[in-house]
Amino acid sequence: MHNAGYGRFIPSAGVARSGRHPNIDFQRSMADFEKRGIRIIAASSDTDEEAAKTVEKYGLTFAVGYGLIPAKVSSTTGAFYHPEKNFLHATGFIVSPGGKIENAVYSSRSIGRLTAKDCLAFIKD
């Protein structure tokens with residue numbers, strides 16, 4: 001696949017067991033993504049204030065959306081949804097420039113998420 005964009009949904013409870021936010025990995029690889037013309041996009045069900053705190057705390061420079069409605073996102077994307085606590089589990093997509101989902105990863109725990117290294121390997125120059 002050539003020059004695909006990457007999008008990722010971050011659940012509001014997105015801090016991994018290690019205590020590290022899952023998008024730190026992508027932030028650290030931003031130069032590699034930018035060199036290849038790949039955009040990183042994140043979104044969550046957080047409020048705008050919570051999303052802004054996450055962006056500031058982790059120094060994220062890629063787009064971070066907020067205000068997703070978990071039940072609606074789940075029904076549209078197939079993301080794992082916890083109805084009692086009203087949150088989404090980690091879901092990641094690699095999206096082609098034409099808008100086709102080339103790869104989707106659904107995880108109900110902190111294991112099994114897309115990593116920057118795997119995305120860069122999947123998206124060939």
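The points below describe a predicted model, from its overall make-up to single residues.

1. Basis. Local features are given only where pLDDT is at least 70, side-chain atom pairs count only at pLDDT 80 or more, and totals for chains, interfaces and linings use all residues. Residues are numbered from 1 along each chain as its sequence is written, and side-chain values use heavy atoms, with hydrogens and water left out.

2. Overall make-up. The protein has five helices and seven strands, in the order β-α-α-β-α-β-α-β-β-β-β-α from the N terminus on. Helices (H or I, at least four residues) and strands (E, at least two) are DSSP runs, numbered from the N terminus. Of the 125 residues, 42% are buried; buried means under 20% relative accessible area, exposed over 50%, and partly exposed in between (1.4 Å probe, protein chains only). Among contacts (heavy atoms within 4.5 Å) between residues at least 6 apart in sequence, 55% join residues at least 24 apart.

3. The β-α-β unit. S2, H3 and S3 form a right-handed β-α-β unit. Right-handed here means that, with the strands pointing away from the viewer, the path from the first strand over the helix to the second runs clockwise. S2 (residues 40-43) and S3 run parallel and are joined by three bridges; strands pair if DSSP finds at least two bridges between them. Ile 41 has Ala 63 in S3 as its bridge partner.

4. Helix H3. In H3 (residues 48-58), Ala 51, Thr 54 and Tyr 58 are buried. They fall within an arc of 60 degrees seen down the axis, so they line one face of the helix; the arc is that of the directions from the helix axis to the C-beta atoms. Helix H1 (24-28) and strand S3 (63-65) are included in what covers these residues. The face turned away from the buried side carries the exposed residues Lys 53, Glu 56 and Lys 57. Gly 59, with a positive phi near 65 degrees, follows H3.

5. Helix H4. The buried residues of H4 (residues 70-77) are Pro 70, Val 73, Ser 74 and Thr 77. Their arc around the axis is only 100 degrees, which puts them on the same side of H4. Exposed Lys 72, Ser 75 and Thr 76 sit on the face turned away from that side. After H4 comes Gly 78, whose phi is positive, near 85 degrees.

6. Nonpolar core. A nonpolar core is a set of buried Ala, Val, Leu, Ile, Met, Phe, Trp, Tyr and Cys residues joined through side-chain atoms within 4.5 Å. The largest has 17 residues, of which Phe 26, Phe 33, Ile 40, Phe 62, Leu 114 and Cys 119 touch the most other members. H1, H2 (30-35), S2 and H5 (116-122) each supply at least two residues of this core, and H5 gives the most, with three.

7. Aromatic pairs. Rings of Phe, Tyr and Trp (its six-membered ring) pair if their centres lie within 6.5 Å; planes under 30 degrees apart count as stacked, over 60 as edge-to-face and the rest as tilted. The count comes to three aromatic pairs. Phe 26 and Phe 33 are stacked, because their ring centres are 6.0 Å apart and their planes are at 25 degrees; both residues are buried. Phe 80, Phe 93 and Tyr 106 form one aromatic cluster.

8. Asn 86. This residue is not a glycine, yet Asn 86 has a positive phi of about 55 degrees. Asn 86 lies in the loop between strands S4 (81-82) and S5 (87-88), and its 42% relative accessibility makes it partly exposed.
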